[in-house]
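Subject: Structure handover and findings

Hello,

Here is the structure for your work. My notes on it follow below.

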Amino acid sequence: MTEAPQPSVRPAPSTRSRKVLIAKIAVIASVVIALGAGAVYWFVSRADLTRAEVGDCLTNQGNLIFPDMRLVGCGASDAEFKVVRVFPDSRDHSRCQGLSDFGFNEEIDNNRHRSGRQFILCLDDIRE
């Protein structure tokens, strides 16, 4: 006579493995949220220069070859340049000759550079 097959009994997952799974999910969610917040900050901070006006101050968080200009308060310790004149829809630095120390241009899009939106900022160096 053959015995009837016995139903397999799976052990219930341990409480410890559930806690580990929940902890992993929490860490992954935290990383995703932090990256999202960083992306939003990056995008918003890039748009600042499009609103630059005469009298605003800037700092260069990049270098001379790859400048990364950002608006800052003129009383800030990292303020380096003051906007003397703004020329929208232009890339001609010579427009700043005789008006300021130098001209800075940037073309901005969602990926940072190279769209149709462009402008020249005539800047004076305010560092001592």
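A residue is called buried under 20% relative accessible area and exposed over 50%, and partly exposed in between. By that scale, C74 counts as partly exposed because its relative accessibility is 38%. Please keep in mind that this is a predicted model.

Overall layout

The chain has one helix and five strands, and along the sequence they follow the pattern α-β-β-β-β-β. Of the 128 residues in the chain, 24% are buried. Among contacts with a separation of 6 or more, 51% are between residues 24 or more positions apart. The accessible surface of the chain is about 9500 Å², and carbon and sulfur atoms account for 57% of that surface.

Disulfides

A disulfide is a covalent bond between the sulfur atoms of two cysteines. The count here is two disulfides, and with bonded cysteines counted along the chain they follow the pattern 1-2, 3-4.

The link of C57 and C74 is right-handed, with 100° about the S-S bond. C57 lies in strand β1 (residues 57-60) and C74 in the loop between β2 (69-72) and β3, so the bond ties together parts that are 17 residues apart in sequence. The two ends can be set side by side: C57 has a relative accessible area of 2% and is therefore buried, whereas C74, at 38%, is partly exposed.

The other disulfide joins C96 and C122, with the sulfur atoms 1.9 Å apart. The torsion about the S-S bond of C96 and C122 is about -85°, so this disulfide is left-handed. The pair links distant parts of the chain, with C96 in the loop between β3 and β4 (102-108) and C122 in strand β5, 26 residues apart. Both C96 and C122 are buried.

Nonpolar core

Which residues form the largest nonpolar core? The core has 10 residues: L49, A52, L58, M69, F81, V83, F104, F119, L121 and L123. Two elements, β3 (81-88) and β5 (117-125), each give two or more residues to this core. The largest share, three residues, comes from β5. For A52, if neighbours within four places in sequence are left aside, the contacts are with L71, V86 and L121.

R70 is in strand β2. Is R70 buried or exposed? R70 counts as buried because its relative accessibility is 12%, which falls under the 20% cut-off. The side chain of R70 makes a polar contact with the side chain of Q61, at 3.3 Å. The R70 side chain also makes a polar contact with the side chain of D68, at 3.3 Å.

A backbone point to check

Most residues other than glycine have a negative phi. D89 is not a glycine, yet has a positive phi of about 55°. Where does D89 lie? D89 lies in the loop between β3 and β4. With a relative accessibility of 64%, D89 counts as exposed, since the value is over 50%. The loop between β3 and β4 also holds C96, but C96 is buried.

Regards

Methods: Residues numbered from 1 in each chain as written. Predicted model: local features only at pLDDT ≥ 70, side-chain atom pairs only at ≥ 80, totals over all residues. Heavy atoms only, no water. Core = buried A, V, L, I, M, F, W, Y, C linked by side-chain atoms within 4.5 Å. Buried < 20%, exposed > 50% of the residue type's maximum accessible area, 1.4 Å probe, protein only. Helix = DSSP H or I, 4+ residues; strand = E, 2+ residues; numbered from the N terminus. Contact = heavy atoms within 4.5 Å. Disulfide = S-S within 2.5 Å. Polar contact = N/O pair within 3.5 Å; in protein donor to acceptor, adjacent residues only side chain to side chain. Areas by Shrake-Rupley, 256 points an atom, 1.4 Å probe, with all protein chains shown as cover.
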